[in-house]
Amino acid sequence: MRNRNGNFRQKPQIPVLWEQEFRRIPTAITMVNGIQKMASRKGYKVNLYDRCAGLLSDSPAASTVIVVGSESSRTPHILQDLKKAQWQIVVTNVDADHIDAHYSCATFSRRIITEQMLDHLLDKGCRRIAMVGLGQRSFNDMVHQDAMAQYLLKYPYAEGACFEYQNRIDESFNAFYAMRDGFDAVVCPNAFVAVAFLHFCEEKGIVVPNDLLVACMKDHSIGRYCKPSLTSLAVDFFAIGEAIRYRVAILAGRGQRTLSYAHCHPGTCDRA
């Protein structure tokens, strides 16, 4: 595209810091694809950096950068280095509850996902809901557990119970089985736990979904091949990548950090 003087107009550039160690994470790959599609449609150029030092040396003047992070100890250090260099930051691929309020983000929230799954089950008439297969050492599982406990306080007609395990997942399954009467739905933290629980139900003579509705927080292709198939929530990480443009535009327009958050609300894939 040329400007009024007949010269080629330089595309606006969006720096994206996506460190090498995070480049095999499937959700991050999908988000970056969304960012690139958004940039192509809007006439931007995406500059990908695989190291924070490379970004700072290439663009010493502070601007707005998209950080494709990971829930690892490395991400906070990256954000601190950029903050010291006075960069304005939009974080993605990190749970919103794990992001400091100084940073803008376009990302997902396990707490919101849990609440949406509970809304779906309550709409279906479920009143006693169990969360099964929660690893005591899993921080993510504990987020789901806390979110359910807090959310169901708003619904006095509903009851929730959580079943954890320390060493083996069947500890959780057996604890649920001992108290199974009266439960009409089970939520598992991911599809792999849900598949294991379906096998457990088959062994115990529990008919899904006639006796019990089984759902999981994360959509995965493995759930599509189960019989019965699973009810799950699918987060559109591609759409999150596309939505990042609005966070960048807000920062560029205000010239300051913003506390705005963009959560992608997943839709329920009901296969029960």
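This is a predicted model: local features need pLDDT of at least 70, side-chain atom pairs count only at pLDDT 80 or more; totals for chains, interfaces and linings use all residues.

Colleague: How many aromatic pairs does the structure hold?

Modeller: The structure holds 11 aromatic pairs. Rings of Phe, Tyr and Trp (its six-membered ring) pair if their centres lie within 6.5 Å; planes under 30 degrees apart are stacked, over 60 edge-to-face, the rest tilted. F108 and F237 form an edge-to-face pair, 5.7 Å centre to centre with 75° between the planes. That pair links distant parts of the chain, 129 residues apart. F108 is in the loop between β5 (104-107) and α4 (110-123), F237 in helix α8 (residues 237-254). Helices (H or I, at least four residues) and strands (E, at least two) are DSSP runs, numbered from the N terminus.

Colleague: Are F108 and F237 buried or exposed?

Modeller: Both are buried, meaning under 20% relative accessible area (1.4 Å probe, protein chains only).

Colleague: What lies over the face of F183?

Modeller: R128, at 4.1 Å from the ring centre. R180 lies over the face of Y177, at 3.9 Å. The test is NZ of Lys or CZ of Arg within 6 Å of the ring centre and within 35 degrees of the ring normal. F183 and Y177 belong to one aromatic cluster, with F163, F173, F176, F197 and F200.

Notes: Residues are numbered from 1 along each chain as its sequence is written. Side-chain values use heavy atoms; hydrogens and water are left out. Buried means under 20% relative accessible area, exposed over 50%, partly exposed in between (1.4 Å probe, protein chains only).
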